[in-house]
Amino acid sequence: VGFEKLLVVETAVGLAAPIVTRLLAEFGADAIKLESSKRLDFTRTRLRPPGMSDAEFVNQPIHDMGASTRSVCVNLKHEEGRELFLRTLDRADVYIENYATGWLERLGLSLKQIQERSPHLIILSQSAFGGEGPDSNRRAYAPIMTALAGLDSLVGYDDGRITTQTALATGDVVAAYYGAALVLAALDHRARTGKGVLIDQSQTECSAALIGVAFAEHALSGAAPQPRGNTSPSESPSGVFHTAGADDWVAITAWTDQEWLDLCHELGVAPDFARRFSDGTVRLEQRKLVEREIERATMCFRRDELVARLTARGLSCAPVLTCDEFDTHPVHTGRDLWSDVADRGGVAQITQIPWRFDNVVPRSRFAGEPLGHSTRAVMEDWLGLAPDKVERLIAEGALV
Amino acid sequence: MSLLEGLSVGEFGAGAAAAYCSKLLLQLGAEVTKLVVASEPRDFAEAELRRQARALYFDHGKRIVESGEAGWLDRMAQMSPDIVVRGFEPAQAGAAERVRAEYAALRARRPDTIYVALTPFGLAPDPELNGGSLQAQAVSGWMWMNGEPAEAPLSVAYDACAVQHGLHGVGAALAAVLARGQHGHGDLVDISEAHVTAAMVRNYVSVYRWNRIPMQRAGTRAPGSSGRYPHAAFPAKDGLVIVMARSEIEWDRLLQMMGDPEWAANPRYRDFYAMATEYPEELDALFAPWIAAHTVEELVRLSGEHGVALAPVRSVVAAQQDVQFKHRDFFDQVEIGPGRYASLPGLPARLTFSGAGS
């Protein structure tokens with residue numbers, strides 16, 4: 001995209017904020033993560049599973065979150081370390097942080113002070129609940145945030161059983177991309193006005209924004225939204241249907257009455273049944289009966305055979321891919337969504353930012369760096385420090 | 001003051017992704033015009049409620065202009081917005097050719113038009129699949145991780161995945177706006193819901209793979225507790241709660257909250273990887289009854305006192321009463337009738353402009 005002149009500084013841990021940094025870096029920005037051996041990002045401290053050898057030890061999360069970002073050690077508890085931190089912010093265009101609310105104040109600083117010192121700066125402060133308010137000091141993991149936002153209560157079966165979606169920390173990734181959108185909007189604002197912005201982002205609010213339609217349904221009907229399984233309020237059949245394999249499933253939707261008739265034909269559903277439910281409203285009224293009959297038919301086919309058959313007819317049908325097969329399926333492999341980067345003699349595969357511009361996908365520039373890999377280079381390039389001064393600051397504990 | 005003052009956006013097409021994409025651009029300060037093809041109310045009550053709810057959440061504040069399916073492109077070209085947001089759901093055969101033709105027509109009128117195509121499977125290469133959000137979730141790995149092991153994999157309802165798709169459309173559109181400021185060219189932006197969702201899932205799949213945890217839906221528990229017990233929802237006396245402990249310190253806090261039970265002295269309950277992956281059911285038998293004996297309110301209080309990661313699985317109705325949301329004035333109040341207001345999620349951030357108030 002061409003953000004080559006942009007300088008980005010991050011003091012953050014985990015996934016959500018570092019993905020924003022990584023995204024800007026993969027568009028061309030020079031991005032640095034300030035971190036310290038005194039308090040490691042937990043993505044650097046993941047336990048190695050029992051039996052994993054040195055050769056197998058690729059710290060995948062470091063690459064997914066930290067690719068294309070340079071690692072610089074700065075000890076913020078050291079007076080000179082703090083001064084160097086502020087000097088990097090003087091040079092930066094964007095500052096991204098997500099440490100627990102109040103950490104800057106404990107160092108005698110604040111975001112407000114930083115904004116006043118560097119009014120050109122775009123500051124993204126990301127936290128679980130936002131920087132102000134009764135819960136602002138609470139820490140939380142993503143599944144806690146999605147539970148509080150109401151999202152988890154909507155994941156379950158249509159008999160009302162809630163399963164939640166704890167397997168995937170949706171609240172982190174969603175917050176990452178809201179953060180990216182907010183920073184990009186702020187960059188556009190600065191390009192027109194010359195002024196920076198302090199963005200106080202709440203990850204829990206991001207999760208609630210995903211389900212605004214449920215909030216709207218509640219306002220209109222007065223009823224509390226419930227899990228719907230895989231059913232649609234607007235089309236039937238629409239759902240996930242078992243096929244001949246023990247745990248093989250397909251997702252099918254008939255959007256029109258003609259598609260319903262075509263679906264019945266391809267599945268070998270009795271013509272009388274197809275005609276009886278040829279009207280979409282009647283199918284919605286009798287959804288359970290209709291979808292039971294469709295599943296009786298899908299059970300007679302192998303998954304991939306059925307997908308090919310219905311797709312050839314122009315119908316909406318996709319396999320429910322397992323997590324062992326989805327990233328090697330042709331629907332994904334042609335999009336350059338994953339790329340290999342070297343890691344200590346091994347290879348890590350990084351998930352790319354899933355955006356395409358005129359058929360070009362932003363790519364990771366390099367693997368996540370070992371701790372402090374770029375300390376010397378950044379202190380010399382960004383701040384103009386002489387090499388012997390950098391060595392002294394390292395020896396004195398300011399850059400560790 | 002708003003971030004995107006002066007930016008114009010035109011929206012056309014089907015699906016929640018495009019509607020949310022332009023809604024978020026509107027929230028950030030852009031002017032949005034939505035071209036719509038007139039449609040009839042639905043006969044089926046649930047379908048009509050969904051239609052109205054989508055219009056309320058996605059379209060409030062947009063300028064709505066009726067346009068025929070045939071005439072929308074001319075109308076959009078006349079408007080010449082900075083960004084055209086184009087939604088396709090379900091994916092239609094030949095969508096890629098249509099997109100290229102539409103992009104060319106719009107650029108003929110305004111060469112730096114940014115065209116954002118939001119499709120279930122992307123434009124290139126030819127996805128060879130038809131479908132909408134449900135089918136996109138199916139191929140993304142998302143569904144495989146959600147639901148009970150002996151039952152159907154689950155999707156996320158209420159357009160949540162499509163909204164994420166629209167969010168990515170906003171980010172990419174704004175990146176294209178900034179790039180346009182440098183090179184003067186308006187990009188064709190291609191964002192696929194299947195790939196947006198797969199990219200999200202893959203961030204976690206890589207962690208599961210690294211931890212050697214089989215990836216299979218496991219009901220209310222993350223597969224293999226994602227490497228640390230507990231990571232699951234448990235039934236309390238009057239509702240579900242999510243409980244997590246991601247470190248030894250957090251496990252100890254959890255035990256303290258439970259009154260340091262005697263069973264915790266067993267060395268089996270200090271082997272964190274095995275607890276998570278080999279015998280979580282054994283721990284459930286010890287842990288779940290204690291949770292079930294308390295109300296959600298009691299558990300929230302205790303977890304606050306002990307620094308335990310625990311939260312109620314709140315309904316949408318309960319979430320609206322959240323004191324933190326209220327403190328931050330997060331919900332927009334939208335009038336839906338005389339004296340009736342809908343509380344709808346607003347922008348998930350507060351902005352303070354340099355040299356000005358918030």
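The contact between the chains takes 147 residues from chain A and 146 residues from chain B. The model is a predicted one. The size of an interface is often given as the accessible area lost when the parts come together. Here chain A and chain B bury about 12,700 Å² between them. Carbon and sulfur atoms account for 64% of that area.

One helix pair spans the two chains. Two packed helices are described by the angle between their axes and the distance between the axes. The crossing of α9(A) with α2(B) is right-handed. From α9(A), the contact draws on A:G212, A:V213, A:A216, A:E217, A:L220 and A:S221. These meet B:L49, B:R50, B:Q52, B:A53, B:R54, B:L56, B:Y57 and B:F58 of α2(B). By class, the residues of this contact divide into 8 nonpolar, 3 polar and 3 charged.

Helix α10 (residues 257–267) and helix α13 (residues 287–298) of chain A have axes that come within 9 Å. Their axes cross at roughly 35 degrees. The crossing of α10(A) and α13(A) is left-handed. On α10(A), the contact is made by A:W260, A:L263 and A:L267. On α13(A), the partners are A:V290, A:I294, A:A297 and A:T298. The contact of α10(A) with α13(A) has 6 nonpolar residues, 1 polar residue and no charged residues.

Rolling a probe the size of a water molecule over the atoms shows where empty space is left. The count comes to 5 cavities of 30 Å³ or more. The largest cavity has a volume of about 130 Å³. Its lining comprises 16 residues, and those closest to the centre are A:K33, A:R44, A:I62, A:M65 and A:G66. Three elements of chain A, namely β2 (30–35), α2 (60–66) and β3 (70–73), each supply at least two residues of the lining of the largest cavity. Helix α2(A) gives the most, with 3 residues. By class, the lining of the largest cavity has 3 nonpolar, 6 polar and 7 charged residues.

The second largest cavity holds about 70 Å³ of space. It is lined by 15 residues, of which B:A17, B:F88, B:E89, B:H165 and B:E193 lie nearest its centre. In chain B, α1 (16–27), β5 (114–119) and α6 (160–183) each supply at least two residues of this lining. The largest share, 3 residues, comes from α1(B). The lining of the second largest cavity has 8 nonpolar, 5 polar and 2 charged residues.

Several backbone features were also noted. Most residues other than glycine have a negative phi, and most peptide bonds are trans. Among the exceptions is the peptide bond from B:E89 to B:P90, which is cis, with omega near 0 degrees. B:E89 is also one of the residues nearest the centre of the second largest cavity. B:P90 itself is found in the loop between β4 (83–87) and α4 (95–109) of chain B. In chain A, the peptide bond from A:S236 to A:P237 is cis, again with omega near 0 degrees. A:P237 is found in the loop between α9 (212–221) and β7 (238–242) of chain A. A positive phi, near 70 degrees, occurs at A:S68, a residue other than glycine. A:S68 is found in the loop between α2 and β3 of chain A. Both of these elements contribute to the lining of the largest cavity.

A further loop residue in chain A is A:Y99, placed between β4 (94–97) and α4 (103–106). Not counting residues up to four places away in sequence, A:Y99 touches A:T11, A:A12, A:V13 and A:L34. The C-alpha atoms of A:Y99 and A:G346 are separated by 31 Å. Along the chain, A:Y99 and A:G346 are 247 residues apart.

How values were computed
Residues are numbered from 1 along each chain as its sequence is written. Chains are lettered from A and ligands numbered from 1 in the order in which they are written. This is a predicted model: local features need pLDDT of at least 70, side-chain atom pairs count only at pLDDT 80 or more; totals for chains, interfaces and linings use all residues. Side-chain values use heavy atoms; hydrogens and water are left out. On a 1 Å grid over the protein atoms alone, a cavity is a set of points where a 1.4 Å probe fits but cannot get out, and a pocket is an open set with protein on both sides within 12 Å along at least five of seven lines; lining residues have an atom within 4 Å of a point. Grid points are joined across faces, edges and corners, and a volume is the space filled by probe spheres set on the points. Helices (H or I, at least four residues) and strands (E, at least two) are DSSP runs, numbered from the N terminus. Ala, Val, Leu, Ile, Met, Phe, Trp, Tyr, Cys and Pro count as nonpolar, Asp, Glu, Lys and Arg as charged, and the others, Gly among them, as polar. Axes are lines fitted to C-alpha atoms, for helices over the stretch in contact, and angles run from 0 to 180 degrees between N-to-C directions. A crossing is left-handed if the near helix is turned anticlockwise from the far one by less than a right angle, and right-handed if clockwise. Contact means heavy atoms within 4.5 Å. Buried area is the accessible area (1.4 Å probe) that two parts lose on being put together, summed over both.
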